[in-house]
Amino acid sequence: MRISIKIKFSIFLATLLLLTVFILSMLVLRGIRINQVGQYENYLARQTETANVYLKQTLLTESNKIPQFFLSTKGVEFAKQLELLTGQSVVLYGRNGEAVSTKLTQKDLERISQTLSYALDGKTAYQVEHNMLYYLTPLRVENEQVGVIQFYYSLTEDNLFYNHIKQTLIFIGAVIFLISFLLANFYFNFFAKGIIKLEQLVDRVRKGQYEIKILRRRDEIGRLSEGIFNMSNQIKSTMKGMKEEQEKLALAVNKLSLLDQQQKQFIGNVTHEFKTPLTSIKAYLDLLDMYPDDDKLLENAIINIRSETHRLYEMVDKVLQLSTLEKYDFEYNPERIEIKQIIQTVLQSLSGKLNKFGIKLETELSEAYIVADKDIIIIILINLLDNAIKYNKANGKIILTNHIHNNEIIIEITDTGIGIPKEAANRIFEPFYTVDKNRSRESGGVGLGLSLVKKYMDKLGGSITLMHSDVNGTSFQISFPKAPIE
Ligand code: ADP
């Protein structure tokens, strides 16, 4: 069982007071005892003197003046007269210790024998039994001891008084203990409350609840609570900092492992994609080695090696661009450019391809300005338009529009092509992702175009969105911040 500090303090204070009362009581009782002894010793000494004087006077009137003779013959009568004179019970003893005033039993004689022998030696001695005091002192005539006189003195009153005072002091001690305990308890309650509150504050901090209140007190407890408050705030901010650092670290670790994974996948894809055209080129070269005179083979080999080389070239170019974007701050020359004009230039360069596939072009372009690197805008537009041609249907259509919305220049490229399946929509911006490998290969694609466009758009502070796609066609939207008015 835990005893509260309040009770401990109270018991300590009450015990301290009780100890004080005890010591004082002992001193008082000792004083009373000394006083009582002094009083009855004086009184009995006076009585002895009276007895001696009376014996001397009585002997003067006697014919035989020998004291021993007088005591042995008239001891009983003399003792009675002494009793009348002193008001005390008296026993007289002769010079040899024999009782001369009364007959004493053997038991009585044994009881006082030691004290009697002191008195016979000329000394005053007394012994106390219960409430009775046996006072024995020499009986003298002219300084010569003739016997012994014994007084009975009752201590009943003295003892009653002494015991009464003792009980009163015990009662006072008990009352003081109780009152001091209650008062101390009441007084320490105030401090104990503070300590209990401090304990609760510490408990809250231990449980991680750092919102605590300062105790409004002007003493050490108040200052201690202020200390706990400051400490709690310190712990709180340290914990917060640690948590933030931990979260940052976890994010960085996740990012790193993701990057590592992406890099591994990227290298795997590059190796795979490079191998395919190289294998094809190598196979044609091996066949030409075996059949150098086969004209048909030579014709096919030239067509295939050219297209595979073109693919390889395109791929190397895009991979290089991507890894440059990934690792370095690419060379970027922003300038104020008019977007309608750029689009028209790009369309001009693609007109041959459009005609080749019989694709119609519809444009709805207005003049708008952005600040960007011209070459990069051209790469972005070529890639998107190239896809719109590659994945279009025979005699399909491409619609190209631009407009301004919320201070942004928005360009929309819509085609009437084969569309992108829903499940692939989220992945088309990943490097090397192609919906249909064969179709991409036929058209010379390796799944790097859109990831390159996305990377460039991010760097330019713009965005690319696949607006919609189904079996009737696809619509991409790119947006750039509008250039400030000159
Ligand atoms: P690729 O070089 O193979 O064209 P991209 O990164 O440009 O690679 O495109 C990724 C994939 O998204 C393509 O394989 C293709 O299946 C699909 N895709 C891109 N543009 C279109 C479009 N306009 N219409 C249909 N599919 C498209």
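User: Happy to start with a pocket. Which helices supply at least two residues each of the lining of the second largest pocket?

Analyst: They are α5 (220–290), α6 (295–327) and α10 (449–460). Helices here are DSSP runs of H or I with at least four residues, strands are runs of E with at least two, and both are numbered from the N terminus. α5 gives the most to this lining, with 9 residues. A word on the basis: this is a predicted model, where local features need pLDDT of at least 70 and side-chain atom pairs count only at pLDDT 80 or more, while totals for chains, interfaces and linings use all residues. Residues are numbered from 1 along each chain as its sequence is written, and side-chain values use heavy atoms, with hydrogens and water left out.

User: What makes a space a pocket, and what makes it a cavity?

Analyst: On a 1 Å grid over the protein atoms alone, a cavity is a set of points where a 1.4 Å probe fits but cannot get out; a pocket is an open set with protein on both sides within 12 Å along at least five of seven lines. Lining residues have an atom within 4 Å of a point. Points are joined across faces, edges and corners, and a volume is the space filled by probe spheres set on them. The second largest pocket holds about 720 Å³. Of its 23 lining residues, the closest to the centre are Gln262, Gln263, Phe266, Glu326 and Pro431.

User: And how many cavities of 30 Å³ or more does the rule give?

Analyst: It gives 1. The largest cavity has about 40 Å³ of space, and its lining consists of Glu273, Arg311, Thr434, Lys437, Ser440, Arg441, Gly445 and Val446. Helix α9 (residues 437–442) contributes the most, with 3 residues.

User: Why is Arg311 called buried?

Analyst: Buried means under 20% relative accessible area, exposed over 50%, and partly exposed in between (1.4 Å probe, protein chains only). Arg311 has 6%, so it is buried. Glu308, at 12%, is therefore buried as well.

User: How do you know that Glu308 and Arg311 form a salt bridge?

Analyst: The term needs a side-chain nitrogen of Lys or Arg within 4 Å of a carboxyl oxygen of Asp or Glu. Here the N to O distance is 3.5 Å, and the pair qualifies. Both residues lie in helix α6, 3 residues apart, about one turn of the helix. The search of the whole structure finds 17 salt bridges.

User: What makes Asp386 and Lys390 a salt bridge?

Analyst: Their N to O distance is 3.9 Å, which meets the rule. Both lie in helix α8 (residues 374–390), 4 residues apart, and both are buried.

User: Last one: why is Leu182 called exposed?

Analyst: Leu182 has 52% relative accessibility, so it counts as exposed. Leu182 lies in helix α4 (residues 156–206).
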